[in-house]
Amino acid sequence: MIQKELSVIIPLYNCEKYISNALDSLLCQNVALEIIVVDDGSYDKGPDIVQQYMKKYDFIYLYKQKNKGPSSARNLGLKYASGQYIYFMDADDFLKTNTLGQAIDYLKSEQAQIASFRPIIIPEKDITKHLFQPCNNLFLSKKFSGIEYIEQSKALAGITLIRHVISSDLIKKNNVKLNDSLFLEEDYAFLFELLLNTSDIIVLEGDRPYH
C-alpha cells in the first residue's frame, strides 16, 4: 500500500449544508491525500452526501460512531489515518485551492514537524463567491521550537487545529490523543502536548488561506 502524503480528518455532525464545500475544496489541494470523514451520530443527510463522493473518489472514507463528540471522532479518524501528515478540518470549513499542497512542500523541504498558517473566517453569506479561490504563494516566515511557538502565541490564540498541518510521526511517537471528555476547545490540550515535544515548527505567510 502506497502511503498518502496527507490524511484529512473531518468530524461530521449534522452538516449537510456545508460538507460538500469542504470536500470540494479538498479536491483542489495538489497533494496526494485521503479524506477520512467520521459521522458522529448525524441524523441529517450529511453522511449520504459523503457516500455520493465516495462513489467517485476511492480516497474518501466514511466511518460511523454514536454521538460522542468531536474529540472522539477525531481520535477514530487518527486510528485509520495512513498519511505522512495530518490535517484536522471541520465539516463546515473549506480551504483555498492548494493551501495544503504548499504547506506539505514546506514541511518536506524544511524537514519540519508542524506547519502553521493564519486563518480568516468568511461570513456565511459570502461563502459561494469565495469557493475555489486560489491560495497565493505562501512563504516561510519563521521557524520555532514548540516552546518558542507557545511563548509567541499570545493568550494561546494561535494554537488551534484549523491552522496546523502535523507530522503523523510526531503524533504516534508521543502517543498523543484528543481528550474524549472535552467538547469545546479540545484542540488546545492536544496541540499543546505536541508542541512541547517538537523543535521544528514553521510559520507560513503570504496569504490568509483558510475560510
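What covers the buried residues of helix α1 includes β1, β2, α2, α4 (99–110) and α5 (127–130), where contact means heavy atoms within 4.5 Å. Of the 8 residues of α1, 6 are buried, that is, under 20% relative accessible area (1.4 Å probe, protein chains only). They are I19, N21, A22, L23, S25 and L26. Helices (H or I, at least four residues) and strands (E, at least two) are DSSP runs, numbered from the N terminus.

This is a predicted model, in which local features need pLDDT of at least 70 and side-chain atom pairs count only at pLDDT 80 or more, while totals for chains, interfaces and linings use all residues. Residues are numbered from 1 along each chain as its sequence is written, and side-chain values use heavy atoms, without hydrogens and water.

| Helix | Strands | Angle |
|---|---|---|
| α1 (residues 19–26) | lies across β1 and β2 | about 175° to β1 |
| α2 (residues 46–56) | touches β1, β2 and β3 | about 150° with β3 |

The open sheet has 8 strands in the order β3-β2-β1-β4-β7-β5-β8-β6, with mixed pairing; two strands pair if DSSP finds at least two bridges between them. β3 (60–65) and β6 (139–144) stand at the edges with a single partner strand each, so one side of each lacks a neighbour in the sheet. Strands β1 (residues 6–12) and β2 (residues 33–40) run parallel and are joined by 7 bridges. V8 has I35 as its bridge partner in β2.

Methods:
Axes fitted to C-alpha atoms, helices over the stretch in contact; angles between N-to-C directions. Buried < 20%, exposed > 50% of the residue type's maximum accessible area, 1.4 Å probe, protein only.
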